[in-house]
Amino acid sequence: MKSIARISPVIPSASRSSILSRYFHQNLGAKGASLADAPTLRNNPTRPSRREVNTPPALSLLAFPALLRSYLISAASSSSFLIAPSLRLLSWLAHSTTPWVQHNPVLHLILKKTFYKQFCGGETPSEVQKTTADLKNIGFKGVILAYAKEIVLERGTAVEAGKHDETEDVEFWKKGVLETVRLSGRDGCAALKYLRPSPSRHVYSSLTQSCCRFSGAGRSIMQQLTEASAPSPIISQATTQICEYAKHQGVKLLIDAEQHVVQNGIDQWTLQFQRKYNRHGCTLVYGTYQAYLRSTPATLARHLAIAQREGFPLGVKLVRGAYMASDPRHLFWATKEETDEAFDGITESLMRKRWNDILRPAEEATSGPPHDFPTVDLVLASHNPDSVRKAMRIRQEQHRTGESGIRLAYAQLMGMADEVGCELIMSGKRARDNEEKSIITEKPQAYKYVVWGTVQECLKYLVRRAEENRDALARARQDRNALGRELCRRLLLGGNIFNFKR
């Protein structure tokens, strides 16, 4: 701070503004227009209203250290030159068994203060609770909390039952999920992943050490899921205990999607617990649907038909997908545009509660009344500002016309698409201001998907995040540009970079 104070007077404010403005227009121009910019650019591209000028940008909600860290990491991940070596380094660190890597305090500190702090919520319960409180202070409704450890199958990996004690494994796994539910807090959400290793016994007393053996989500569970067989009595009982505890805590359970080889089994298990716990107007269990899979519209239509026939609300978390690097390519839509069309079409169908060209009724549902549509609760998990903007427009239209809508929440991964999440928060604040003027508008419910666990446990998760950024450089560049504009804006205020308007 002292160095900034000494340097600032040397450059006249007019010159500094000119330099930063020139940088802004050359490097971070209108191509990366934000969600917050959209109404201004669309309604009056030359001269925004006084109200729009006085409205702080969405990213003004971020503290300066978080803003700077986000910009630097997004700059690296959006660079075609840097992303490949960064990914190789992270992958090597994640899979290295060398003691000087796993137990190196300097390396641990560097990773924790950079990539880990950007994308992960904490190593201990106290760190997780602080991260959750910080996000809520910004304006997020809550978090979708997930424990970090996971198994990622390589292509062609055979799935066989190992010689593991399933009872012991499941017990360790169950404890980890129950702890995650506890840390999620009331009105929060917990992600449930069946395919993850579980820590050793003493981890649950300290929650600071990693493990190296598989547990409840180990080989025996993987075999059950691969064969799409019913869950064993042990895993069924453990999941029931998790659901009961989540219900008592007021926490929703979002069962994560997995790789294609086990996804059918995951879907069957998810429906089993939705039948039991999604009752009496309460949706406790959500399944995850990946829009980049060609099969997703048909799969979702079948599940909607089952929910309609059996009379329970279907909890849906809609994502674009996260296993492109490991699943067979023929399973996906051929282009990004087709994936976007599938995602937006499914979103509109669910929000309007009627079928369309993307989401068509399943064959078993065609005999019923033509407009029957089951009750749906939707978590729209998207980093795409266009998709979020379309959903918000549908919601606003429903408010204007009095059309009943579904329960809807939005979610983004921690450390990614901050502009999208912050704009949802700003929209909620504007809605509260409108309520004071007796104007009813939508108040979006925004969540952050937060992963917790030790640095070593989170490395594989970070590798997958980096893989996604490698396949979405355009989106990463948009994030970088938005963050860069906010940095310039704060510097243009005369160096008053910390006392930004909340």
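At 14% relative accessibility, Asp 340 counts as buried in this predicted model. Its salt-bridge partner is Lys 336, with N and O 2.6 Å apart, and Lys 336 is exposed, its relative accessible area being 51%. The structure holds 21 salt bridges and five aromatic pairs. Mean pLDDT for the chain is 78, with 73% of residues at 70 or more.

**Confidence**

**Salt bridges**

- Asp 340 and Lys 336 both belong to helix α16, where a spacing of four residues separates them by about one helical turn.
- Arg 407 forms a salt bridge with Asp 377, the closest N and O atoms being 3.1 Å apart.
- Because Arg 407 lies in strand β7 (residues 407-413) and Asp 377 in strand β6 (residues 376-381), this bridge ties together parts that are 30 residues apart in sequence.
- Arg 407 is partly exposed at 45% relative accessibility, whereas Asp 377 is buried at 2%.
- Arg 485 and Glu 419 meet through their side chains in a salt bridge of 3.9 Å, N to O.
- That pair links helix α20 (residues 473-492), which holds Arg 485, to helix α18 (residues 418-436), which holds Glu 419, across 66 residues; both residues are buried.

**Aromatic contacts**

- The ring centres of Tyr 194 and Trp 269 are 5.0 Å apart and the planes stand at 90°, so this pair is edge-to-face.
- Tyr 194 sits in the loop between β2 (189-192) and α11 (203-206), and Trp 269 in helix α14 (residues 260-277), so the pair ties together parts 75 residues apart in sequence.
- Tyr 194 and Trp 269 are both buried, and together with Trp 173 they form one aromatic cluster.
- Tyr 292 and Phe 332 have ring centres 4.5 Å apart and planes at 25°, so they count as stacked.
- Tyr 292 lies in the loop between β4 (285-290) and α15 (296-310), while Phe 332 lies in the loop between β5 (314-319) and α16 (336-352), 40 residues apart.
- Relative accessible area is 3% for Tyr 292, which is buried, and 2% for Phe 332, which is buried as well.

**Charge over a ring**

- Arg 320 lies over the face of Phe 343, at 4.2 Å from the ring centre.

Terms used:
Residues numbered from 1 in each chain as written. Predicted model: local features only at pLDDT ≥ 70, side-chain atom pairs only at ≥ 80, totals over all residues. Heavy atoms only, no water. pLDDT = per-residue confidence, 0-100. Phe/Tyr/Trp six-rings, centres within 6.5 Å; stacked < 30°, edge-to-face > 60°. Helix = DSSP H or I, 4+ residues; strand = E, 2+ residues; numbered from the N terminus. Buried < 20%, exposed > 50% of the residue type's maximum accessible area, 1.4 Å probe, protein only. Lys NZ or Arg CZ within 6 Å of the ring centre and 35° of its normal. Salt bridge = Lys/Arg side-chain N within 4 Å of Asp/Glu carboxyl O.
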